[in-house]
Amino acid sequence: MDIKQLYQLYQKNPVITTDSRNCPEGSIFFALKGASFDGNLFAIQALEKGCAYAVIDDPQVAEDKQAEEKGLHDRLILVDNVLRTFQQLAREHRRQFNIPVVGITGTNGKTTTKELTNAVLSEKYNVLATQGNFNNDIGVPKTLFNLKPEHEVAIIEMGASHPGDIKVLAETAEPTCGIITNVGKAHLQGFGSFQGVISTKGELYDFLSSREESVIFIDADNQYLTDILPDNAWVTPYTTNENNAEGCVCGQLVACDPYLRFKWRESGLDLEDREEEPVWYEVQTKLIGSYNLGNALAAITIGLQFAIEPEKICHALENYTPTNNRSQLITTPHNHLVMDAYNANPTSMEAALTDFSHMEVSPKMAIIGEMRELGETSREEHGHIVKVLKRLKFDKVWVVGDEFANIKCHFRKFHDVEEVKAAIAEEQPQGYYIFIKGSNGNKLSQLQEVL
């Protein structure tokens, strides 16, 4: 059975499930595999629960006598690779919609940029955007299956932890335009090196440059990104450097006290050639951190490309409220929390700590969790973050996780979040501005409940 034939079955049974515990009547079950599970083992069970078909890649399941005795054999679809078929079917579904698809990737800021872009484009269009962290080889297809005739634009976030990941996701989603927010030191265990990160993120550029009329949005100030731009790329840039702003959307930081406030103007000719002064728009956001200026400028640039009026762009950015423990300022009965506990890597950690140090508030406390998946560079990178913390001189610093255990410093060390909770219960810190950041596996988001 080829993909077009399978898609005809999908059109008759337009519900996809990958969980044998959730088998709606008439759905199609895809027997995906993971490190600790094999969906093939649950295919027959899925059919018995109500699925119309089950897509498998284990020949032994296809030949199961029990399935034949129960009359289920004809509803098992054997393929070479279930995950690849899942992706191909999602791509076939995406091809039914002649709409713009915005691909977003990057080491830091891709989720915030996706959310801001969604807010901006939703001022004019019916938008489908990636939900939660559905940005991997399974999440991207699941997002694409949500495309409906009423959607006018799709925004697809793409994450990566190994070389080739973005290539696969781009070939699945087939974006018509896209952006790499930045490149930084993350998932080095999978990428092998920082250059591996750059090359993998650049796979989005490679895909877009191979398609006619595709647009690449780019931070013109980022040398790593401009260096890997294909020669034939159609580029729409943005910048924070007014001296280099010809043809770019230009933005400048106004304040970050603690929320980001900035001003921006549209792209145009060199300022010396203008008969009138450019119009600057000022935006007061609900985002913590000056590093979010780039994310906002990306959303502005994409919005202008889609003919969103500047006033509506400002309205969208001012009314966006961050969630999911990403750059959130949360006031509890006892403290003010700067929650950025969803994820962490050396690049984002240093930028966020520096921003927190610039906040004119007191007293300040930092609770820092270890950064995962850094491979051989992990000790070195954690040592660097300790040096950053020493230089910034917060009133109190707690570090969490085994990666900090053998690094010489005067900061209080904890094995895990449970030990931190116990210390909070004993000491009951009050009146602090507390910055909380670490890889999601540290579970530092739980600290909101006790602080």
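1. Two residues are in contact when heavy atoms of theirs lie within 4.5 Å. In this predicted model, among contacts in the protein chain with a separation of 6 or more, 65% are between residues 24 or more positions apart.

2. As to overall architecture, the protein chain holds 17 helices and 19 strands. Its radius of gyration is 24 Å, close to the 22 Å that the globule rule gives for 451 residues, so the chain is as compact as a globular protein of that length. Taken along the principal axes, the box filled by the C-alpha atoms is roughly 70 × 65 × 40 Å.

3. Burial and surface may be read together. Of the 451 residues in the protein chain, 53% are buried.

4. Regarding charge, the protein chain carries 42 positive and 63 negative charges.

5. In soluble globular proteins, nonpolar side chains tend to be buried together. Here the largest nonpolar core has 70 residues. Those with the most contacts inside this core are Phe30, Val55, Ile156, Leu353, Ile368, Leu389 and Phe394. Helix α16 (residues 378–392) contributes the largest share of the core, namely five residues.

6. Which residues does Leu389 touch, not counting residues up to four places away in sequence? The partners are Leu353, Ala366, Ile368, Phe394, Val397, Val399 and Phe411. Of these partners, Leu353, Ile368 and Phe394 are also listed, with Leu389, among the residues with the most contacts inside the largest core.

7. The model also has a second, separate core of 35 residues. Its members include Val215, Tyr238, Ala296 and Cys314.

8. Is Lys114 buried or exposed? This residue lies in helix α6 (residues 110–121) and is buried, with a relative accessible area of 0%. Not counting residues up to four places away in sequence, Lys114 touches Ile104, Ala129, Thr130, Gly132, Ile155 and Glu157. Val102 is 12 residues from Lys114 along the chain, and the C-alpha atoms of the two are separated by 9.1 Å.

9. Ser209 is placed in helix α11 (residues 203–209). Buried means under 20% relative accessible area, so Ser209, at 17% relative accessibility, counts as buried. Apart from neighbours within four places in sequence, Ser209 is in contact with Pro230 and Asn232.

Key. Residues numbered from 1 in each chain as written. Predicted model: local features only at pLDDT ≥ 70, side-chain atom pairs only at ≥ 80, totals over all residues. Heavy atoms only, no water. Helix = DSSP H or I, 4+ residues; strand = E, 2+ residues; numbered from the N terminus. Rg over C-alpha atoms; globule rule 2.2 N^0.38 Å. Buried < 20%, exposed > 50% of the residue type's maximum accessible area, 1.4 Å probe, protein only. Lys, Arg positive; Asp, Glu negative; His and termini not counted. Charge placed at Lys NZ, Arg CZ, Asp CG, Glu CD. Core = buried A, V, L, I, M, F, W, Y, C linked by side-chain atoms within 4.5 Å.
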